[in-house]
Amino acid sequence: MKLIYCLMAATMISLSANAQDGEKKEKKSTTITLGSDGIKVNDKKIEEKPEKKFDLSVGIVDIGINSIIDNTNYNSAEAKAFMQVPQNLQNENLFSMRTGKSWNVNVYPVMAKIRLHNGKKQRIYFSTGIGLQMYNFRYTKNISFRNETVPMVVMDTINFSKNKIGLTYLTIPLQFTFKTKLAEKAWLVYGVGATGGYRIASWNKQVSPERGKQKNRDEFNFNDFNACVTGEIGLDNIFRVFASYQLTPLHSTALDQRPFTIGLRFGGI
């Protein structure tokens, strides 16, 4: 009989030693003992360590679609001097974009977060870090940006299969993130914040049968600095949607165009 008890105990240990009650915050450790009074099974609840007040989040990536909110006064002398195109094209339609091919990608390798509140149903965090904000604007018309004696935009004689402007900013985000408990394992996550960036690259990339692939790096009339307001909403560890709006004009003179982006966020606070 003792041999049978031992075999039963070994089988139960292999099946139950690591059992959990399904809660993330509370685990259950099961121990089985064999003695003269038979087999005894004991459950002991183990609480997980509390969340750190200060921690790091690694690898946050945003992928979104760009659009432009255009506040330019196209009747101004400055705007007309910048657009060296026929008069009937001196309007916002000159910069119409292929929306489905105009992308924004933001990469935040490391974000530092501070837990401001950690309640049972509500959590609040503040986070900051450093990252890259990258815009790509694909144009439908054959426009070309020039930076010769003065910056300008012209209508090219070539039909481009690809015609885009790219910009990269080194950016610092500041964000408040809120998490509200909806159900036992479901948290609504939402946040607001701002970013400040410095332009580290800008280029015009064009592809055509006549000229092949051309990439011209220059300032072109773009602002060195930008500032954006940002927001996000989603279900924690499932999905997040982000949006950003640039408060500062994209160009330093003549045009008042401000990027607006909406897309998906992978990772997060």
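Phe137 is in contact (heavy atoms within 4.5 Å) with Asn66, Ile68, Met97, Ser102, Asn163, Lys164, Ile165, Leu167, Leu250 and Pro259, leaving aside neighbours within four places in sequence. This is a predicted model: local features need pLDDT of at least 70, side-chain atom pairs count only at pLDDT 80 or more, and totals for chains, interfaces and linings use all residues. Residues are numbered from 1 along each chain as its sequence is written, and side-chain values use heavy atoms, with hydrogens and water left out.

**Nonpolar cores**
- A nonpolar core is a set of buried Ala, Val, Leu, Ile, Met, Phe, Trp, Tyr and Cys residues joined through side-chain atoms within 4.5 Å.
- Buried means under 20% relative accessible area, exposed over 50%, partly exposed in between (1.4 Å probe, protein chains only).
- The largest nonpolar core has 23 residues; Met83, Phe95, Phe137, Tyr139, Phe145 and Ile165 touch the most other members.
- Another core, of five residues, lies apart from it and includes Ile60, Tyr108, Met111 and Ile269.

**Salt bridges**
- The whole structure holds 10 salt bridges (a side-chain nitrogen of Lys or Arg within 4 Å of a carboxyl oxygen of Asp or Glu).
- Asp156 pairs with Arg146, with the closest N and O atoms 3.5 Å apart.
- Asp156 counts as buried at 11% relative accessibility, while Arg146 is partly exposed at 27%.
- Glu232 bridges to Arg240 at 3.3 Å and to Arg265 at 3.1 Å, N to O.
- Glu232 is buried at 5% relative accessible area, Arg240 at 5% and Arg265 at 11%.
- A network of salt bridges links Asp62, Lys179, Glu232, Asp236, Arg240 and Arg265.
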